[in-house]
Amino acid sequence: MIYADNAATTKMSKTAISTMVSLMEDTYGNPSSLYEFGQKAKEVLEKAREDIAGSIGATAREIIFTSGGSEADNQAIISAAKAGEKNGKKHIVSTAFEHHAVLHTLKKLEAEGFEITLLDVHSNGIVSAEEVENAIREDTALVTVMYVNNEIGTIQPIREIGAVCRKHGVLFHTDAVQAVGHISVNVVEDNIDLLSASGHKFHGPKGTGFLYARKGIRLLPLIEGGAQERGRRAGTENVPGIAAMAAALKEAVSNLDSYKAKLTPVRDKIIAGLREIAHSDLNGDEERRVPGNISFCFEGIEGESLLLLLDDKGIAASSGSACTSGSLDPSHVLLAIGRVHDVAHGSLRLSIGEDISDEEADFIVNAVKEVVEYLRGFSPVWRDLQAGKGKFIL
Ligand SMILES: *Cc1c(COP(=O)(O)O)cnc(C)c1O
């Protein structure tokens, strides 16, 4: 079996698992308790906070633990929006291809009277900092742009966008769930005010994540209760999960160079192989993409059938984000980069991990070639295209 869906979730690292298990066995106190058991857990929690802060250039007090990327996105955006509202600012700038954790939160704010500007992401899947600047108004409360897109892997000019936001005094949030642990991220150099990350996207446990909020930025709690996380997130902390997330992140960040050196050539080899398929195209910029992402469209087929047949061959892949699979609408990300519906339906995302071998990469390319050809063999859309009854787009 080949697991090529690391953008959906990753396997926990051995270090993360052993950290988690040993804490579950020995350090089960409540970090809010004053006796030794509790204080031991509290130490583990604060060490994890320091390690996580250190891996993105933040300080420990700027990190709050959440249940994952979705919660961090919700809290960052809602906090910034409500702070803006107090000063009469009810405009938010974002992009058309954000994760649903961002887009649905924005929809909710729109229903409450906020005005949302969603910027174009162009055919290469990259937002322009200049367009962000042009969209900023007197009443802009927040700019939120993802660091790396989860479907097509393109890396956004975060540092430039952050600089534009600083220049205009507007808060800047980035959903960095697909960036943290995969490429180098530094909140100070990148001019970031708020950042969301998720443990299970970098070999940590599911149900863990964190939100970075630059010193001085007030966060509204989404969950009311005890005074945990200095009143910003109530509920007894998931100590083993948080420590395992920190261990996974430390490991990932210390291996970023070898990760890139190992994966980039494999990624490019798969891209070159898939390009040999007629009427296919890579989604998103070829250069400015994370080391593990390969996203393609193939004309005349359905992505869902492609996935099922790849599964039969032992390959786990995706045709878009897990949240949209099961629905008949094509991916909003592919539509945002200008793919028409028919083309967007024939999509495939392979997100490879560092354990992939050269043989497995070759196996993937051959399997996709076979399956695409097989599916086109009885696709009415493909038959019409071949007969000249429709026009090829790719
Ligand atoms: C996975 C993902 C999320 C959601 O993170 P969870 O921890 O699963 O809630 C948010 N944004 C992006 C870009 C993602 O890839």
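Select Cys165. This cysteine is buried, with a relative accessible area of 1%. Buried means under 20% relative accessible area, exposed means over 50%, and partly exposed lies in between (1.4 Å probe, protein chains only). Now select Cys297. Cys297 is buried too, at a relative accessible area of 0%.

A word on what you are viewing. This is a predicted model, in which local features need pLDDT of at least 70 and side-chain atom pairs count only at pLDDT 80 or more, while totals for chains, interfaces and linings use all residues. Residues are numbered from 1 along each chain as its sequence is written, and side-chain values use heavy atoms, with hydrogens and water left out.

Switch to the cartoon view. The protein has 13 helices and twelve strands. These are DSSP runs, numbered from the N terminus: helices are H or I with at least four residues, strands are E with at least two. The radius of gyration is 22 Å, close to the 21 Å from the globule rule for 394 residues, so the protein is as compact as a globular protein of that length. That radius is taken over C-alpha atoms, and the rule is 2.2 Å times the number of residues to the power 0.38.

Now show C-alpha atoms alone. They fill a box of roughly 75 × 50 × 35 Å along the principal axes.

Finally, select the whole protein. Of its 394 residues, 56% count as buried.
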